[in-house]
Amino acid sequence: MHSLKPVTALGGIEPRTDVFHHLSIIENDGLALASFAARRGFELECQTVLKGLLGVVPSVGKAIFNDPISGFWLGPDQWMLTAPRDSHELLADIVKNECGAAASMSEQTGAWVCFDVIGDALLAFCERICSAPIRQMQGGDTRRTSIHHLNCILIKQSAGDQIRIFGPRASADSLHHALFTTATALA
Amino acid sequence: MNQVNRLKGGQIDRSVTHRFKFDGKTFEGHQGDTLASALLANGVRLMGRSFKYHRPRGVLTAGSEEPNALVELRNGARQEPNSRATTIELFDGLLAKSQNRLGPLKYDLLAINDRFSNFLTAGFYYKTFMWPAAFWEKVYEPIIRRAAGLGSLSQLDDPDVYDKGFLYCDLLVIGAGPAGLAAALTAGRSGAEVILADEDFRMGGRLNCESLTLDDQSAPAWADDVVAELKSLPNVRVMHRTTIIGAFDHGIYGAVERISDHLIVPDLGKPRQILWRIYTKRTILATGAIERPIAFENNDRPGIMLASAIRTYANRFAVAANKKIVIFTNNDDGHRTAKDLHAMGVEVCGVIDVRADAPRSLDYEVLHGQVVDTKGRLGLKQVKIRLENGNIRSLDCGALGVSGGWNPNVHLTCHQRGRPTWRDDIAAFVPGVDLPLGMSVAGAASGIMSTTGALQSGTDAACAALSVIGIKSRAITIPQTEDAPVSIQPFWYVRGCRRAWIDLQNDVTVKDIQLSHQEGFRAVEHLKRYTTLGMATDQGKTSNMGGLAIMAELAGTSIPKAGTTIFRPPYTPTAIGVFAGRHRGQDFHPKRLTPSHKWAKEQGAAFVEVGNWMRAQWFPLAGETKWRESVDREVLAVRTSVGVCDVTTLGKIDVQGAEAAEFLNKIYCNGFAKLAVGKCRYGLMLREDGIAKDDGTAARLADDHFVVTTTTANALPVYRHMEFVRQCLFPDMDVQLISTTESWAQYAVAGPNSRALLQKIIDPFTDLSNDAFPFMSCANVTVCGGLRARLFRISFSGELAYELAVPTAYGDALIRKIIAVGAEFNVTPYGTEALGVLRIEKGHAAGNELNGTTTAQNLGMGKLVSKTKDSIGSILSERAALTAPGTLCQVGIKPLNPADPVIAGAHLMNEKGPIDAAHDQGYVTSACFSPNLGHAIAIGFLKDGDLRLGEKMRLVSPLTGIETKIEIVSAHFIDPQGERLRA
């Protein structure tokens, strides 16, 4: 076991949680991420692999929540996969073993910060932070959006009052600040 | 004075009293008042001074179209000029000050301007302030600056926060008067997603201002019931205090919601205002109409108001504008004001109607005539009337209500260059045929002037709009209410007037319009700019119509032929802060922090912004007070032992796929197909026109897997370029691109002891000897007992150097480990300044050299452009102009006198001869002090530079008076043979 300890995207030993009476913003440090891009001529094979991993292949603008590996659509024949980091830190390698030369995998864990936002004020919160049409989104809907000039991915979780936001890790502080001040404004 | 003009009734809450100050004097009003209504209630008519002539002015209107009663609201950092007293909700502790005066409002010293009105007509500044020329800067300009503008700024930072947001709906209803309420109710009951927005704090529009009934309810009560029902519907969003400021492309509207303006200060953490972008499938514009005045001699005195405003103050705010009121009108609506006032016990001294067939009254005198003059400088005292038979009569009064007709409020229909059309029957412009996408217009805004008509058109418009988007709806049952037709005789100004105002806010008179015509500025756009008619903060809401009607008459054409100017967003003045939202100060743009940022901050690093990145620039030690001390030390430390630098910010792009190598062969001008696994190669990327675009390295980790680096600044443009090539130029290639810039924390470890240091971190199964891991090698490795990592033996500094990458989450731990194990080698962290010095000493090109005009040949890399394969830019790189003799070539520059500095941006001139552009030989791109060499050095481009090594020249900067003797040398100042980096 190596001797280096990781820090969270916000730079802490433990992930940060901000609790308001109407909303909670939870830094989710427990995910491994890997990008999955089908290679030419192997698209069908990749669909089979993904079906095996997720149960269903996420279609355009959709996320599939599965255990242990979930995934969401990124682009034509491209998906992002997530899994618990504790058990799947080498997610990219694990999936590469499944798909071999059929897909290009890259480790993405270090590139993203993840915030889960839960609460009664969720819809009003989303309306302030980004242009995703949150009131029209169903559970599993995924949108690329911009929050505070940051390219982010917003996923409406199955539960009605929860969303997951992936943003660029290097801007975790800025993204968190945007979420926090918006939650404060709605308190 | 204590609310001497209060009447019974109204929609104010008398149980809540607010104390407020205007020009230092304390008054009282009630909840539901505006500042204007409260001042009028207290008998205050004088509220400001006019822009140019500093004439005493009072409130003209009761809405956001107000041109006169502009105040500075609040004090300190929250002071806001040009706030309309008619829309300021009264709150306890409100502070307001009148504007545009020197000295007290009553005794404004600049009122002397009025005596020189003949010299201050429209466009006077085009004919004055010219002589003597020397006076302009020292005399005229300071005076004009002092006099210009309305209101003053605090010069302090706005302390309030503003939010932004995004809303979606099926139907946006703009305006909550009778048409808007009917439309919203129709749509709300159908289940459509509806947003109803109104700029007022109380919804209802004119329903709140009239004494009419709807069925057996008062108009305000009906409006309240409808609003209550709308608020109970989960699919309807009711937005009070929300101005729709503009109609933008694709059915998007901008809206400013005032969250806290009616509070003394916003609650902690709450925004003052929110800028909403509303995405709507359909829109109904139900913004009503704005009454217009008539121009006559001295028509701008305090107490002269729009007749409908007087009615509004009476019915809604329970305020009589004065105890004695006269009405001057050309249409039936003026009489409505007289009737309501009389019913409330206010003395109507007379109704002056220009029409011969004006309705008569048993309650007050109706005179056929025109108002030809007024008296009462600080407040109206008397009006002079010329009767139809030519007799002159005077009436004593304290308020005059003027009604010249109603202009449908078409602003938003014009925001995308739509032009309104003229209707003779109402003597007004109505929306034209070219409306913004998805918009329809209802009620008075469309020229339907009766309450019944407005209600009907609102519900009909909603049904039609919803039908287009496939939502079934049913029209509401319209209550019984007035349905009077419009009866109007167009009348714009009283003939023979000398000082009659058209645009009250910019002090534009009838005479100014005549002057504009006389001087040839007859097109309405010229009229506007020459006179400034309609160019004030009210955008001419009460003046545009009168101005162009007069110009039409002067030009001998019809009003529709005279045309209109274009209304533009925002509809009303909007705080810059709300456009900025949260993006100000430290939050202006997001920051990108490197994985070692926290550690670097602990070391006291100085940081520099590189795009959004915060990079450590240098690491000062105790005792170092100047940046050169730190940077020189860092540079020397790297060349003598070992340094570490966070290079995470450089772009990293994973290139995978069966044809990844072939793809790189297209992207780079040099070859990659034969690059072995485990090797790196420098790559130069050209633009299609042959100019150098970016450079970096490509490391082959497997047959089908490369990691490509870019410069920090070009990470995104290069990635974008590569995706364009992949998707559009070679869509059949099997290649996938994934950005991994932030996935990996990457550190450069450089210097003679870099290998020794890394041997303490990289797990022992990786042989780092020079034989096993020579220069330009790469490999997947593990560190610190098994953490996955990538190692690249590449060197920007020219020293023995490596770059080590670990997953980002471990970046903080790795830098600390490197520093800890490197202590025995005195490992020195170095920042971007030292990084720059090191690469200039080595002669490596960077962004300064790849400046968008240079080619591979200019960079001394002409041979790198492969002739055996096709790549982007290779053909055009061979253009004759780019390869002709005299082409620029990268060189090194050093001063003959070691003590002389060398400046980047300076130009190179021959040792003798003229110094001018015609004799320019080249320019300096990068310069620094070299602590290793003990003098300044530079890299630049010189014509035929490769043939001129050793030549003595001059380095010049004529603008800053620099001329330095220099020598042209090789750009590789340190280790030109590359022995150190191959050690």
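A residue is called buried when its relative accessible area is under 20%, exposed when over 50%, and partly exposed in between, with a 1.4 Å probe and protein chains only. This is a predicted model, in which local features need pLDDT of at least 70 and side-chain atom pairs count only at pLDDT 80 or more, while totals for chains, interfaces and linings use all residues. Residues are numbered from 1 along each chain as its sequence is written, chains are lettered from A in the order in which they are written, and side-chain values use heavy atoms, without hydrogens or water.

Select chain B first: buried residues make up 60% of its 983 residues, and the chain holds 20 helices and 49 strands, which are DSSP runs (H or I, at least four residues, for helices; E, at least two, for strands) numbered from the N terminus. With the whole chain in view, note that its C-alpha atoms fill a box of roughly 115 × 70 × 55 Å along the principal axes.

Next select strand S20 of chain B, residues 366–375, where 8 of the 10 residues are buried.

Finally, select the 6 residues between S20(B) and S21(B), which together form a hairpin, and look in the turn for B:Gly376, whose phi is positive at about 115°.

Methods. Pairing = 2+ DSSP bridges.
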